[in-house]
Amino acid sequence: MMYRFVFTQVLSRFDPEDAHHLTVGALRLLSVTPVVKRLVHRRLAPRDPALRVQAFGVHFPGPFGLAAGFDKDAGCVEAMSALGFSHVEVGTITAHAQPGNARPRLFRLIKDRAIINRMGFNNAGASAAARALGRPRGVPAVVGVNIGKTKVVPEAEAVHDYVASARELAPLADYLVVNVSSPNTPGLRNLQAVELLRPLLQAVKEVADSTPRRTPLLVKIAPDLADGDVDAVADLALELGLDGIIATNTTISREGVSSTETGGLSGRPLKARSLEVLRRLRARVGDRLVLVSVGGVENVDDVWERLLAGATLVQGYSALIYEGPLWAHRIHRGLSRRLRRHGVRDLREIIGRTAT
Ligand SMILES: Cc1cc2nc3c(=O)[nH]c(=O)nc-3n(C[C@H](O)[C@H](O)[C@H](O)COP(=O)(O)O)c2cc1C
């Protein structure tokens, strides 16, 4: 209610990217005030034991986390954890710092509860992110690190570029994600083809496996892959011994929305396809891989549906802009109530229950 007022009266009048920077600035402020941060964490972070999830050896206080793209430079991990996200996936981070595409590059589709972005991996690079991630934290946080290809690096040298990021960041990550699915780096999504993806994942996995705790490795895929290609990536992930798949990134489809801005579309219009890809993955891999579902998640019903369909973790980004800072807290609280109502004491009882 309060946030809706702030959104319509203040934030929506700003250019979307300026509003984002304003928000991130406020969150950074929260991160540097230890007492407030701890108080907020105590009040808003998930605490119900029934919400706890274990995936690839990592303990998450709840299933619902912040998707990649919000915290590109790992500057507000603590703040977002304090606000109730069970994990924060930072990035996409590239080996070299880069400015991203020209502005404007972020667009709100308010009526469609959607976002279009063509940010193009604007970030300060792997070394800067490593410094941010290396700082001690005042509140507990689970951090995924999402890596991508530096724009100026040619496709033929992509493996080397990803490996450079992985070397810097895998030791600092609770899990590592190879992002080959953003539509805003030319040629990036070609890396989803199995012939190119195999050597890339093999090389990054070698790095991830060599850290003292062995960093779990996941791959993030696009919703625009043909069904057969979704299966092929799933088979490859199994063959290489990956820990999981994140599905999905933004779509290049414009079905159901009126905007023709180029970039990746996210939010409500992505919901159906994201769920479809999750169901397909679950049918293919069962519980042999951890499935992380993202795309169009807005409320407890959506999270519940994804868990039943086989996701162990669920993420969201776009709806945060429309729902405000209490969004993750509300989702976990609602989930907690629903679990109690169904007499469920452990999330494992419901994960994959409606999967075929
Ligand atoms: C502004 C914006 C920037 C994003 N940047 C990234 C990114 O850098 N890396 C990535 O893997 N996904 C990125 N995403 C995709 C999200 O992580 C997520 O996969 C997608 O938005 C679908 O979830 P949603 O409908 O809840 O937003 C971005 C999304 C948005 C809206």
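By class, the shell around the ligand holds 8 nonpolar, 15 polar and 2 charged residues. Here Ala, Val, Leu, Ile, Met, Phe, Trp, Tyr, Cys and Pro are nonpolar, Asp, Glu, Lys and Arg are charged, and the others, Gly among them, are polar. The model is predicted: local features need pLDDT of at least 70, side-chain atom pairs count only at pLDDT 80 or more, and totals for chains, interfaces and linings use all residues. Residues are numbered from 1 along each chain as its sequence is written, and side-chain values use heavy atoms, with hydrogens and water left out.

The ligand is surrounded by 25 residues. The closest are Ala68, Thr92, Gly267, Gly296 and Ser318. Lys220 places a polar side-chain atom 2.8 Å from a ligand oxygen atom. A polar backbone atom of Gly296 is 2.8 Å from an oxygen atom of the ligand. For Ser318, an N or O atom of the side chain lies 2.6 Å from a ligand oxygen atom. Taken alone, the ligand exposes 600 Å², and the protein buries 98% of that. Accessible areas come from the Shrake-Rupley method with a 1.4 Å probe; for residues, only the protein chains shown count as cover. Strand E4 (88-93), strand E6 (114-117) and strand E11 (264-267) are the elements that give two or more residues to the shell. Helices (H or I, at least four residues) and strands (E, at least two) are DSSP runs, numbered from the N terminus.

Helix H3 spans residues 34-44, and its residues Lys37, Val40, His41 and Leu44 are buried. These four lie on the same side of H3, because they cover an arc of only 100 degrees around the axis. The arc is that of the directions from the helix axis to the C-beta atoms. Val35, Arg42 and Arg43 are exposed on the other side of H3. Buried means under 20% relative accessible area, exposed over 50%, and partly exposed in between (1.4 Å probe, protein chains only). The cover over the buried residues of H3 includes helix H2 (16-31), helix H4 (77-82) and helix H12 (327-341). Contact means heavy atoms within 4.5 Å.

Several backbone features stand out. Most residues other than glycine have a negative phi, and most peptide bonds are trans. Arg103 and Pro104 are joined by a cis peptide bond, with omega about 0 degrees. Pro104 sits in the loop between E4 and strand E5 (106-109). A cis bond also joins Ala247 and Thr248, with omega about 15 degrees. Thr248 belongs to the loop between strand E10 (244-247) and E11. Ala74 is not a glycine, yet its phi is positive, about 60 degrees. Ala74 lies in the loop between strand E3 (64-66) and H4. Its relative accessible area is 8%, so Ala74 is buried. Arg113 has a positive phi near 50 degrees and is placed in the loop between E5 and E6. With a relative accessible area of 19%, Arg113 is buried.

Asn123 occupies the loop between E6 and helix H5 (126-134). Asn123 is buried, at 5% relative accessible area. A polar atom of its side chain lies 3.0 Å from the backbone oxygen of Phe121. The Asn123 side chain also reaches the backbone nitrogen of Gly125, at 2.9 Å. Not counting residues up to four places away in sequence, Asn123 touches Lys72, Asp73, Thr92, Ile93, Thr94, His96, Ala97 and Gln98.

Ser259 is in the loop between E10 and E11. Ser259 is buried, with a relative accessible area of 17%. A polar atom of the Ser259 side chain is 3.2 Å from the backbone nitrogen of Glu261. Leaving out residues up to four places away in sequence, Ser259 touches Leu109, Ile116 and Arg254.

Leu313 falls in strand E13 (residues 313-316). Leu313 is buried, at a relative accessible area of 1%. Beyond residues up to four places away in sequence, its contacts include Ala55, Phe56, Phe60, Leu291 and Val292. The C-alpha atoms of Leu313 and Leu242 are 16 Å apart, and the two residues are 71 residues apart in sequence.

Definitions and conventions
Near = heavy atom within 4 Å. Polar contact = N/O pair within 3.5 Å; in protein donor to acceptor, adjacent residues only side chain to side chain.
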